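Good morning, colleagues. Please bring the sequence and the structure up on the screen, and I shall then take you through the main features in turn.

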Amino acid sequence: MPKKQAWSLKIRGKIAVGYVLILLMLGLFLLIVSSRITDLEKETVFLSDHDIEVHELTYQIEKNVLDMETGQRGYALTGDNSYLDPFNNGLRDWQINLAKLKGLIADNPDQMRNLGIIKENIQLWIDLAGQQVVDLKRNGEDEAIAEFFRNDTGKSVIDSIRSQSDYFRDNERNLTNERISNLKESNSRLLITMYILWTLVALLALLITYLISASIVNPLQHVILAINGIAGGGNMSERIKVKTMDEIYDLGEATNSLLDTVQLEQWSSEQQTAMSAILQEATDIYLLCRSFMNKLATTLEMQYGAIYVMDHKERYKCMYSYAGAEKKEFPFAEDSILPGEGLVGQCAVDKRIIIVEDLPENYISINSALGRTAPRFAVIAPIIFENKTVAVLEVASLTQWASYHHELLSKLLDMMAVSVNSVMTRMEIQKLYHDSQVMNEELQVQSEELQVQSEELQVQTEELQNQTNELLTVNRELENQKAVAENAAVELERYNEQLELSSRYKSEFLANMSHELRTPLNSMLILSQLLAENRNNNLSEEEQGYASVIHNSGSDLLVMINDILDLSKVEAGKMMVEMDAVNLTELPTLLRGYFGKTAEQQKLEFSVNIGAEVPDLFYTDEMRLHQILRNLLSNAFKFTEEGSVQVDITRIEAYSDPQYNPTEPVLAFSVKDTGIGISEEHRELIFEAFMQADGSTVRKFGGTGLGLSISLQLARLLGGYISLQSELGQGSTFTLFLPCRCLEADMEDGLQPPGSWSSVAAAREREVTQKPEKATITVDTSLFEKQYEMLQGRTVLIVDDDLRNIYALKQGLEPYQMNILTAQSGFECLQIVREQANVDIVLLDIMMPNLDGYDTLSIIREELLLPDLPIIAISAKTMKEDREKCLAAGATDFISKPVVMKDVITRMCRWITVE
């Protein structure tokens, strides 16, 4: 059907338009006639006014000339000035009348020439006769006047003016007669025009009447013929086409709408019938779902779909997907969905259809041999039987569905619900029938055997019957055990989740433990260091020894905490390695610096040898390499009482081991000692966390047993391995194998161990220092004096919620005679900074209740506008991001707990000097 336009008219409007057109034509006719009559009237007025005025002006000019002549003669005869009045008036008026006459005949050149001749003669008379005689009379020259009148040259001029005026008026009369003749011809043409226009109006009225009647009758007859044809059993797909936009168009539209409704109902009924036939043929649930989805795809505009059927566990299992590939093009589909899980599960719970429009591009892809695209529309519908959701259908389409599609889908879903229930019931019955058949066969066999032995085994019949009952009981028990096993599987899955949660809690616990242990350890190390330094010289050497023992024990505890944190990071896969070039020529000097004094104290030989084939540079994580070597050397020196400790670095082109089989050359870092050695049954045990060779080793040499475990894990992170060769009582050789990557490209192309480049760094990478020697702590007097000069009289603000830390820092700063202010919260810190403008530096703890150090830093920098005030952040957390977060919040420097007073004093001097 054509679309209605804004200018379309109904039948009433068409009739009204016809009448309006006729009235417009009549109005146009009247307008033309009236215009023509007006023109005739103007011509008549022109004749009556123009021609009469022209004649009157010619007479006026001629009269003006006559007045001038009469006044001239009377003044010449009498000399009386009263005769000059007509002369002067005529002399003035003739030019005015002449100008008016020119305006009236300006469109007639001939008359303008005649008027010009008259003007010249009048002016000639005035110059030769009129004005000259008056001037002679005024001068008293009567004889000259008499002589002039005897000749009288002016008379001929006057006569010429009269004749020319008569000629001028005759011409005007001829023109008037021509205009009258033209006026008569115009009247005749007006009558002819009126007759023609009247005829045209009559013909147009007849034409409009015919067109309007035809536009009403013809479409109406077409609609009647079409309705009769359809009513007589014609094609239901045929539609009435009406070109006019009136009530007949509305009649055709209503008829077509009725036909559409009837046709849609007929189509819907046919689809339901076809679907019912297909569903009745299905014998199992998979075939039923496949047949339903395939038929649904051809019936509705559906390009993708999946159907989930409830199983005996009350989970919805994906039974069939239309146009999908298993786990490839349906990556987000779940094999089974719980009620309330996702939109499918929620649809099952709500028992209502969910329509999702404007799907994102990554929702799912509809693939063909030529390409792929994303759907724009999805429908998730429950399949309900007796108020129970037995299945859920999810379909996706490229186009929106019409309303009749949704109505048909609802009816088909009702049919599918009945079929699903019927098939499930049938399958259950078949299963029960099969089970009963099997049991019947077994009973049949037993019955035959019993019949053969019936005479002899009559008594056992009852026993067999009892056994049958027992079998049934066992079957029920097996079913119960099956349900218990399923519940156990669910519990096992829940246990796995709890295990992952426990692992995360373990990492969080270790981080919190680090914070809680470092906080009291901070004050203990500071105070023990101060006591060992004996700045006031009031302690005996024995008491200083006690303080040194306390400080060394605290340092041992700190190393242990760091080892535990390293182990937790490695186990969680959060340890980050940074590959860079390592200069192996510097390694002997570094290792001698670490362990030279230890070797001297234990009277051991210590050597570091590098093979000629070893490159100067290779790529690995230098800090982790040093940490592994220090751990190995620490163990070597710990368990070697006499002899030597030796480090050999060699290059091996090919190395193979059941547990380590690299495809590239490796560098071997061998640490040999002549210590106690390790028995064969304990070689694997020593690489376990918190384990050593035996209990006597722990009691004799101490240690936590973490060093080798951490070293092995770090070696694996670097793509390497640690091997062990040892004989009890002869010594041990630990060999670290690392890939020999001499170029950066080798490092990039090499296989990285899992987690080696994790973007989540569990902690700030710290340098693992050698365990401090048990020696007396000394004070550098010259350095103290320099620092004393810098810090004396300065004001320092110590902010910490732990009074022990405040006390330890105050005791450490007292020898420098500084003005020490303290605060136990961020709020007190802000108040002091506002009130005390002379604060030179702030030592700020980060982990505080209510207002922590980060917020305190931001307020000092942004609100109090103190960007130059040195603020050193002190935190028990050693995470890399914690340091970066402190510096980003506005901290000038960062120190991790437990702090060393020398380090604190050095940094305070540095930043106060900068200030």
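A residue is called buried when its relative accessible area is under 20%, exposed when it is over 50%, and partly exposed in between, with a 1.4 Å probe and protein chains only. By that criterion, 40% of the 915 residues in the protein chain are buried.

Two remarks on conventions. This is a predicted model, in which local features need pLDDT of at least 70 and side-chain atom pairs count only at pLDDT 80 or more, while totals for chains, interfaces and linings use all residues. Residues are numbered from 1 along each chain as its sequence is written, and side-chain values use heavy atoms, with hydrogens and water left out.

I begin with confidence. The predictor assigns each residue a pLDDT, its confidence on a scale from 0 to 100. The average for the protein chain is 76, and 78% of the residues score at least 70. Helices (H or I, at least four residues) and strands (E, at least two) are DSSP runs, numbered from the N terminus. Confidence is lowest in helix α14, residues 695–701, with a mean of 43; it is highest in strand β16, residues 795–799, at 93. Over residues 1–7 pLDDT stays under 50, and the model has 17 contacts for them beyond four places in sequence, a contact being heavy atoms within 4.5 Å. Residues 748–776 also stay under 50, and for these the model has 67 contacts beyond four places in sequence.

Now the overall architecture. The secondary structure of the chain comprises 22 helices and 20 strands. Of the contacts between residues at least 6 apart in sequence, 70% join residues at least 24 apart. Alanine 808 belongs to helix α18, residues 803–813, and is buried, with a relative accessible area of 0%.

The chain exposes about 51,500 Å², of which carbon and sulfur atoms supply 54%. A nonpolar patch on this surface is formed by Ile192, Ile196, Leu200, Leu203 and Leu206, with about 500 Å² of accessible area together. Patches are made of residues with over 30% relative accessible area and no salt bridge; like charges are joined within 9 Å, and nonpolar side chains (Val, Leu, Ile, Met, Phe, Trp, Tyr) within 5 Å. Isoleucine 192 is located in helix α5, which spans residues 153–231.

Which residues are linked in a network of salt bridges? A salt bridge here is a side-chain nitrogen of Lys or Arg within 4 Å of a carboxyl oxygen of Asp or Glu, and the whole structure has nine of them. The network links Asp893, Asp903, Arg907 and Arg910. Within it, arginine 907 meets aspartate 893 at 3.0 Å, N to O. This pair connects distant parts of the chain, with arginine 907 in helix α22, residues 901–914, and aspartate 893 in strand β20, residues 893–896, 14 residues apart. Both of these residues are buried. Arginine 907 also meets aspartate 903, at 2.9 Å, N to O. Those two residues both lie in helix α22, four residues apart, or about one turn of the helix. Aspartate 903 is partly exposed, at 28% relative accessible area, whereas arginine 907 counts as buried at 17%.

A further salt bridge joins arginine 794 and aspartate 840, at 3.7 Å, N to O. It too links distant parts of the chain: arginine 794 is in the loop between α17 (781–791) and β16, and aspartate 840 is in the loop between α19 (826–835) and β18 (841–845), 46 residues apart. Arginine 794 is partly exposed, at 28%, while aspartate 840 is buried, at 14%.

I close with backbone geometry. Glutamate 314 has a phi near 60°, a positive value in a residue other than glycine. It lies in the loop between β1 (304–310) and β2 (316–322) and is exposed, with a relative accessible area of 51%. Glutamate 386 likewise has a positive phi, near 50°. Its place is the loop between β7 (377–385) and β8 (388–397), and glutamate 386 is exposed, at 67%.

Definitions and conventions: Accessible areas come from the Shrake-Rupley method with a 1.4 Å probe; for residues, only the protein chains shown count as cover.
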